[in-house]
Amino acid sequence: MSDPIVKISGLNKWYGEFHVLRDIDLDVTKGERIVICGPSGSGKSTLIRCINALEEFQEGEIVVDGIELGPNLKHVDAVRREVGMVFQSFNLFPHLTVLDNCTLAPIWVRNIPKKDAEATAMKFLERVKIPHQANKFPGQMSGGQQQRVAIARALTMNPKVMLFDEPTSALDPEMVKEVLDTMVDLAEEGMTMLVVTHEMGFAKEVANRVVFMDAGQIIEANTPNEFFAAPQHARTKLFLSQILR
Amino acid sequence: MSDPIVKISGLNKWYGEFHVLRDIDLDVTKGERIVICGPSGSGKSTLIRCINALEEFQEGEIVVDGIELGPNLKHVDAVRREVGMVFQSFNLFPHLTVLDNCTLAPIWVRNIPKKDAEATAMKFLERVKIPHQANKFPGQMSGGQQQRVAIARALTMNPKVMLFDEPTSALDPEMVKEVLDTMVDLAEEGMTMLVVTHEMGFAKEVANRVVFMDAGQIIEANTPNEFFAAPQHARTKLFLSQILR
Amino acid sequence: ADAQTLKTIKDRGTLSCGVSQGLPGFSSPDDKGNWTGIDVDVCRAIAAAVFNDPTKVKFVSLSAKDRFTALQSGEIDVLSRNTTWTISRDTSLGANFTGVTYYDGQGFMVKKSLKVNSALELNSASVCVQTGTTTELNLADYFKANNMKYEVIAFGTIDEAVKAYESGRCDVFTDDSSGLYATRLKLTSPADHVVLPEIISKEPLGPMVRHGDDQWFDIVKWTLFAMVTAEELGITQKNVDEMVKSDKPELKRVLGTDGNLGEQLGLTKDWVIRIVKAVGNYGESFDRNVGAGSPLKIARGVNALWTKGGLQYAPPIR
Amino acid sequence: MGVEARKPPPQIALKVRRALGGKAGWNGVAVQLVFGAILAWMAYEIISNARTNLETQHIAAGFGFLQNSASFDVNQTLISYSASDTYFRVFLVGVLNTLLVSVIGIFFATVIGFVVALCRLSPNWLLSRVGGLYVEAIRNLPLLFQILFWYLAVLAALPSPRQSVSVLGAFFLNNRGVIVPSALGQPGLVPFLAALALGLVASLALRSYAKRALFGQGRVIRIWPYVLILLVGLPLATILAFGPPVTFELPQLKGFNFAGGTRIIPELVALTVGLSTYTAAFIAEIVRAGILSVHKGQMEAGSSLGLSRGATLRLIVVPQAMRVIVPPLTNQYLNLTKNSSLAVAIGYPDLVSVFAGTALSQTGQAIEIIAMTMGVYLLTSLVTSAIMSVYGWRISRSLGA
Amino acid sequence: MTDIMASSYVRQDLVAERPAPVKTTGFVGFVRTRLLNSPTNILLTILGLLLIWYIVVPSFKFLLVDAVWSGKDRTACLAENVGHPVGACWPFIQAKSTQLIYGFYPEAERWRVTLTFALGAVLLLPLLIPRLPAKSVNAGLFFFAFPAVAFFLLHGGGITGFGVSWVAGLLQLFADSISGAGAVVVGLSKTSAAGPLLWAIGSVIALIGTLLHWVIFPLTWLRDQMQAAGQGPWLDFLITAVVVSVILFVLGGGARAGLRPLITSLATFAGIAAVIKLMGLDHGGLPIVDTRLWGGLLVTLVIAITGIVASLPIGVALALGRRSTIPLIRIFSITYIEFWRGVPLITVLFFATYMLPLFLPGNFTVDGLVRALIGVSLFTGAYQAENLRGGLAAVPRGQGEAASALGLSWWKTTSLIVLPQALRHVIPAIVNSFISLFKDTSLVSIVALFDLLGSLRASFADPVWTTPSTAFTGFAFVGIIYFIFCFGISRYSLFVEHRLNAHRRN
Ligand SMILES: Nc1ncnc2c1ncn2[C@@H]1O[C@H](COP(=O)(O)OP(=O)(O)OP(=O)(O)O)[C@@H](O)[C@H]1O
Ligand SMILES: Nc1ncnc2c1ncn2[C@@H]1O[C@H](COP(=O)(O)OP(=O)(O)OP(=O)(O)O)[C@@H](O)[C@H]1O
Ligand SMILES: [Mg+2]
Ligand SMILES: [Mg+2]
């Protein structure tokens with residue numbers, strides 16, 4: 001593995017007086033799949049949203065594909081084009097069809113002709129296995145299908161890094177699998193991914209590295225095998241004992 | 001067991017053009033406990049709601065305790081007084097206390113003095129083991145407690161038959177048992193019961209007869225032992241294999 | 001609203017009388033809601049004739065635009081609200097005038113500072129007027145006849161029109177000239193306003209009743225005539241008790257000591273006595289409300305008795 | 001084996017009974033008969049009373065009076081009108097004046113409403129407080145109070161024509177209203193208007209062309225310079241070529257009032273100010289609720305796809321907010337139209353004031369006139385709600401819920 | 001720091017919390033983040049400050065600094081006499097305050113108005129505070145007893161009869177009308193082509209009328225006897241009390257249900273008797289103050305409160321009617337609702353005030369204020385119906401089903417289960433319509449009733465007080481009154497809403 005595509009160093013963030021992220025350093029190399037886990041409120045979402053410039057931060061530096069995101073949020077648009085994001089609550093646009101959801105950004109941001117954008121979108125919809133639903137509205141689909149559309153929508157922008165913020169936690173159990181399968185496919189194709197999730201099966205199968213966060217800090221990071229087999233830090237042990245029951 | 005207390009013959013019902021109940025014949029003798037099961041949409045709820053005259057039907061006849069319910073729903077009120085019903089979603093009256101929920105019908109339908117009605121209600125609330133909650137509002141109770149109140153409420157009208165429509169399926173797993181226990185008690189006291197449920201343990205323990213429905217028809221009816229051990233019909237087998245896994 | 005108005009009133013115990021929302025001298029309430037004015041006196045006279053009690057009147061204050069609807073609908077029994085007698089009002093409104101309480105004519109009032117001396121100099125002026133009146137119609141006629149342009153701003157009530165005139169919305173305020181004098185009194189500084197000399201129309205003002213009840217029509221009509229007759233015969237509030245003892249045949253007829261003219265009306269023999277005791281004769285009422293005894297100080301002019309060169313003339317009571 | 005699905009039995013008797021009596025069957029029919037009898041009795045009472053009442057007063061019922069000449073003047077008319085015109089024309093004048101004040105009011109109410117809503121949503125604390133203050137103050141005072149305030153209080157504060165506040169010697173403000181220069185058409189007017197129309201059409205065409213180019217070839221065309229040239233340059237060119245389109249007639253103080261120029265009467269100003277500021281407070285709340293109803297995640301999803309803030313607002317937030325906003329907004333428009341009837345309090349010649357007011361008191365045809373007046377308002381609101389239910393139906397279809 | 005690139009990393013010592021480099025809390029932080037965090041925001045802040053400067057400062061100056069506080073007439077409020085620009089002319093308000101509150105209500109009788117206000121407040125306040133007990137008694141007193149007492153207090157007058165007379169009178173009117181209709185139809189038959197048929201129909205109708213007369217004869221006879229005896233209303237009262245109590249007792253399930261309904265009924269009648277005695281209603285009561293003399297805040301409150309109380313039952317009936325499956329009733333409800341919602345209130349008021357008598361029998365008059373009240377109630381009823389429809393739709397279907405499954409009839413299901421829940425849902429909406437009703441009462445000033453705003457307008461006409469600032473002063477004062485009421489109610493509605501929501505959560 002070569003140069004880092006995402007480089008986070010000395011990241012600190014406050015909400016008012018509350019210190020959410022503390023001295024975060026994290027490098028992600030191209031093609032790497034990182035799973036971030038940790039107790040609720042530990043700052044996982046905040047961290048991932050900082051990478052996408054959805055949140056401001058007060059100290060430190062994030063460099064994505066050579067573009068620097070200082071505390072001043074320069075280069076925001078450039079970074080956002082390189083990074084795709086999938087949210088817990090899908091956030092599909094309910095007033096647009098699935099196809100329009102997927103072509104909106106290519107057309108308006110990358111100025112790709114509509115025909116081409118639609119062709120690309122169909123390609124990705126096929127990849128997430130719902131091409132025949134292209135003309136439905138999001139409200140007419142199940143949660144799992146919606147989340148897969150959300151993934152396809154992010155992919156249409158050809159991002160170099162994909163961020164996932166608990167993509168399966170709003171789903172009914174039967175639907176978790178179909179979404180995870182899609183993510184596994186994506187991982188196998190070599191996409192760089194940062195995934196916040198509590199699906200430990202997924203972590204074991206796919207991740208190169210598991211990062212454990214607590215109280216706004218990275219407590220432990222390791223390959224999945226070692227992480228699950230031999231957690232080092234007391235907090236990690238406690239967390240794993242709770243989650244793996 | 002003697003004469004049938006509920007006698008359904010040649011029952012047919014349509015929703016618009018859709019044929020939900022087809023040629024249903026079913027006799028329930030006094031004291032009998034019948035469990036009705038079957039895949040979703042097979043018409044179980046519809047059947048049970050017909051007995052209580054909550055739904056109309058177009059052909060056939062239902063006789064409850066000698067009172068005839070033709071397609072024109074004659075004698076609706078008389079039948080409803082003989083039949084108690086417990087719903088999946090409890091349907092307690094949220095603006096009344098538990099006690100008022102239980103005394104409402106005796107006072108307004110049977111014109112029983114309030115004092116007496118309250119005494120009876122307390123008796124039944126004791127039977128479902130929540131007498132101390134009598135002055136709470138339903139919103140302040142757990143689902144299991146609410147369902148037990150619903151059972152007590154139905155009992156205060158001294159019904160000859162009790163109908164249950166999936167009484168436990170809206171409950172969290174921990175609470176299923178407390179409701180089922182209440183129902184078992186009731187069964188042991190000799191109440192005639194028709195229960196739609198997928199709790200096969202309950203069926204085995206309590207039922208005299210298990211009725212399997214599919215596509216609006218009664219496919220198979222048998223004692224629980226035979227039903228579970230040696231299902232006859234192919235559909236029954238398929239259903240049992242899915243549900244007992 | 002059938003031929004039973006008198007019975008209805010007697011059953012009800014009060015007369016319901018439509019008056020203006022406040023025109024000093026004709027009908028206006030004081031701070032406590034007591035009504036005075038020449039139009040009010042007519043109502044009181046009727047009440048006196050019917051009940052022998054001039055206070056048994058309920059005054060309903062009406063804007064010009066609501067008055068006829070109120071009369072038609074039966075809301076009021078008699079409309080005594082400086083209303084001009086016209087043929088169309090007698091016919092299409094479903095009501096009849098019963099006589100003339102005051103002969104008036106329309107005039108204009110302007111601010112002195114405008115230095116206007118004649119209505120013919122009013123070209124391009126803005127005129128404030130109360131809507132639903134003959135004033136509004138005459139105004140249109142007058143300006144058209146004299147080939148002048150103007151802007152009309154019509155208000156629902158006289159107070160609003162006056163307020164707008166005072167605040168400068170209009171150059172001219174137009175109304176019946178008696179009304180102009182009355183209105184001027186209500187202005188902050190009456191001396192700053194002048195009433196122009198032109199009188200542009202005939203405005204005979206009088207009470208009005210619904211069609212269809214001739215008895216009631218007669219009562220209202222003759223109440224007014226009784227007041228005029230009383231002035232002719234010199235019967236006043238003060239001397240009425242003595243006059244009763246008079247043996248002049250005419251006085252005996254009028255005051256009911258001879259014959260039963262009042263009963264033929266549906267009233268009592270002493271109806272004229274009741275009226276005069278309550279409000280006095282026409283001249284007394286005029287003096288008290290608009291004439292020398294009032295702040296308005298309007299001269300009798302055409303409203304003098306016919307014997308004195310005026311127009312007030314009552315048919316004989318016999 | 002299984003029972004085949006069949007068609008339901010016809011049960012015609014039952015269906016007829018349902019149609020006649022609803023769920024309650026024959027009982028329902030009986031209830032209806034009684035209810036119908038009561039209604040009929042009441043209708044009979046009302047009609048017979050009205051008839052006897054009208055008859056005893058010899059009032060001619062009917063609409064014949066509409067052909068009679070009105071013989072009073074109205075101080076603002078959109079169609080030519082003189083005192084010798086008919087009452088029917090008075091009716092038209094009133095309807096048009098009502099529509100005029102409604103349209104202007106709706107325009108300003110919408111503009112102010114959206115501005116106030118944006119203030120309230122602004123991250124700036126002070127501005128959002130000012131917006132909140134506006135909404136609370138306006139919503140909690142009666143509309144009639146506000147209209148009277150604007151009319152009486154502000155009228156009293158304005159100067160007389162001779163002391164007019166003048167702007168550039170062309171615009172004047174006094175207690176007779178706002179006087180602006182009136183435009184007199186010149187030979188150059190026709191080409192000028194043509195050029196303006198041309199520019200407008202061309203700009204619209206350009207816009208759709210740009211959209212097609214974006215969708216078709218992914219080309220982004222900056223259209224605003226061209227639009228500017230089309231909308232400003234083209235008309236300017238015709239002015240150079242054909243001379244000025246209009247000359248302005250400056251208002252002159254002549255006699256009591258200004259002659260020349262166009263005057264907007266203060267009644268209209270007070271009424272529109274009152275109506276639009278009042279309705280704006282309600283619109284502001286509707287718009288705010290509409291925008292807040294769009295989930296925060298939608299904005300984030302848009303920006304995470306790289307859409308600019310403006311594009312996210314335009315393509316994602318606004319279309320979603322509009323669905324929430326439009327139905328109550330229409331209601332407010334209807335309210336404004338109905339509320340314009342308060343004109344009667346300040347002498348603006350709207351339908352209620354000139355027709356149900358002046359015409360009524362001159363003719364005494366109360367029943368006919370009030371029925372016509374109510375009919376106009378009723379028709380407006382029924383047509384609007386019909387349109388709205390079609391719109392609502394289309395929305396629910398596209399949401400596919 | 002350890003090398004992150006290594007696949008394994010364990011943090012040894014935890015990072016302690018430290019304060020943010022830029023302060024974003026406290027006053028400074030607040031100013032920085034909410035007011036001055038970007039150039040646009042700075043601009044907006046300045047704009048906001050300017051707005052406030054131009055609104056608040058002049059208002060403050062007008063209302064307090066430049067105001068005149070005492071004087072006898074307009075001269076006190078003229079700039080040339082005061083020596084500086086004059087703000088609010090408060091003596092004007094002092095002079096007119098009684099008119100703004102009571103209208104022309106006779107001075108000697110004003111205590112009655114004050115007493116009514118006080119009674120209303122005493123009954124209303126506990127009703128508004130959710131924690132206090134005995135809501136149903138309180139509500140009964142406020143919604144049923146208070147209006148009657150308030151009527152006799154404000155209007156005065158006594159009663160000559162009671163239940164029997166009233167019922168008899170009403171029925172007789174009805175029977176008369178039917179007989180009259182029959183006579184009319186018979187009359188028509190003489191001139192019409194379908195004469196015999198009309199004659200038959202007319203005769204039948206007339207017969208029904210006659211029959212009705214016979215049926216109610218005992219009642220009317222009783223009434224006439226009592227009136228002839230000239231006993232005042234007491235005998236009538238006694239009969240009514242007995243009859244009503246017995247009916248309640250029997251309907252309530254007789255002796256089995258216990259004596260409670262009987263006792264309640266008797267207690268209620270005892271209360272009524274006490275009120276009748278106390279106010280001397282049996283011999284004339286208080287002197288009558290005609291509603292024409294009422295005015296100001298009194299009229300505003302009377303219309304608003306009567307309007308809301310009377311519109312609720314209308315709204316309930318219409319909302320239920322609109323959901324009914326019986327075609328005529330549904331069609332009627334829909335037509336009614338759409339009609340009233342489609343026309344402006346002032347045309348309704350105009351209609352009610354000036355045209356209603358045209359549609360009533362000639363000898364039948366209704367007080368002007370009452371007519372406005374009828375108009376307002378019918379109008380508001382349509383809006384309430386729509387509010388309630390929303391509430392009814394929010395009650396889950398299962399509630400009604402559960403009730404029917406228990407054997408409750410449609411009426412009992414509706415009145416015991418569905419309506420109470422629906423009403424709870426729509427309390428905020430009802431309060432909101434109360435606010436708009438309160439504001440809309442001002443429209444009655446257009447039909448010559450002197451409510452608060454009408455009294456204000458009337459007071460402007462007084463030449464004693466005309467000054468440049470009179471209008472502004474009046475508007476400021478009345479505006480403040482309106483604002484206090486409306487804003488207070490809307491805050492209260494918010495409070496209730498939050499409370500209800502909190503209730504729903506647990
Ligand atoms: N906008 C905000 N303002 C203030 N505090 C916030 C804000 N957003 C999040 N926080 C706080 O920051 C902390 C970290 O939040 P974050 O959402 O990153 O946690 P998380 O690890 O993703 O938790 P979860 O597993 O529940 O999603 C939490 O304590 C949260 O309460
Ligand atoms: N009101 C209705 N109108 C039309 N179709 C209905 C209606 N209610 C139920 N159905 C249809 O009738 C069929 C039988 O419904 P029913 O509720 O009786 O099934 P069920 O066996 O109780 O299923 P479940 O286990 O999901 O409760 C279903 O296909 C359902 O879609
Ligand atoms: Mg999170
Ligand atoms: Mg079911």
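Analyst: Happy to! Let's start where chain D meets chain E: 11 residue pairs are in polar contact there, with both residues at pLDDT 80 or more. A polar contact is a pair of N or O atoms within 3.5 Å; within protein, one atom must be able to donate a hydrogen and the other to accept it, and residues adjacent in sequence count only if both atoms are side-chain atoms. Bear in mind that this is a predicted model, in which local features need pLDDT of at least 70, side-chain atom pairs count only at pLDDT 80 or more, and totals for chains, interfaces and linings use all residues. Residues are numbered from 1 along each chain as its sequence is written, chains are lettered from A and ligands numbered from 1 in the order in which they are written, and side-chain values use heavy atoms, leaving out hydrogens and water.

Between chain D and chain E the count of salt bridges is one. By salt bridge I mean a side-chain nitrogen of Lys or Arg within 4 Å of a carboxyl oxygen of Asp or Glu. E:Arg491 and D:Glu136 meet in a salt bridge through their side chains, at 3.0 Å from N to O. On the side of chain D that touches chain E, the elements giving two or more residues are α1 (12-21), α2, α4 (125-139), α5, α8, α11 and α12 (366-399) of chain D. These elements are DSSP runs numbered from the N terminus: helices are H or I with at least four residues, and strands are E with at least two. α2(D) gives the most to this side, with 14 residues. Sorted by class, the side has 41 nonpolar, 13 polar and five charged residues. Here Ala, Val, Leu, Ile, Met, Phe, Trp, Tyr, Cys and Pro count as nonpolar, Asp, Glu, Lys and Arg as charged, and the others, Gly among them, as polar.

How many residues take part? Chain D brings 59 residues to the contact and chain E brings 60, where contact means heavy atoms within 4.5 Å. About 5,100 Å² is buried between chain D and chain E, and carbon and sulfur atoms give 75% of that area. In chain D, the residues that lose the most area to chain E are D:Asn140, D:Phe145 and D:Met374, together 12% of what that side buries. Buried area is the accessible area (1.4 Å probe) that two parts lose on being put together, summed over both.

Now for the other neighbour, chain C. Here 39 residues of chain D are in contact with 43 residues of chain C. The buried area between chain D and chain C is about 3,000 Å², with 48% given by carbon and sulfur atoms. Three salt bridges cross this interface. In one of them, D:Arg263 pairs with C:Glu151, and the closest N and O atoms are 2.7 Å apart. The interface of chain D and chain C also has 11 residue pairs in polar contact, both residues again at pLDDT 80 or more. Four elements of chain D give two or more residues to the side that touches chain C, namely α2 (26-56), α5 (143-157), α8 (266-293) and α11 (351-363). The largest share, six residues, comes from α11(D). The classes on this side of chain D are 17 nonpolar, 16 polar and six charged residues.

To put the salt bridges in context, the structure holds 51 of them over all chains. One within chain A joins the side chains of A:Glu178 and A:Arg148, at 2.7 Å from N to O. This pair links distant parts of the chain, 30 residues apart: A:Glu178 sits in helix α6 (residues 173-188) and A:Arg148 in helix α5 (residues 143-155) of chain A.

Finally, a glance at a ligand in chain B. An oxygen atom of ligand 2 lies 2.8 Å from an N or O atom in the side chain of B:Lys44, and an oxygen atom of ligand 2 is 2.4 Å from an N or O atom in the side chain of B:Thr46. In the shell around ligand 2, α1(B) provides the largest share, three residues.
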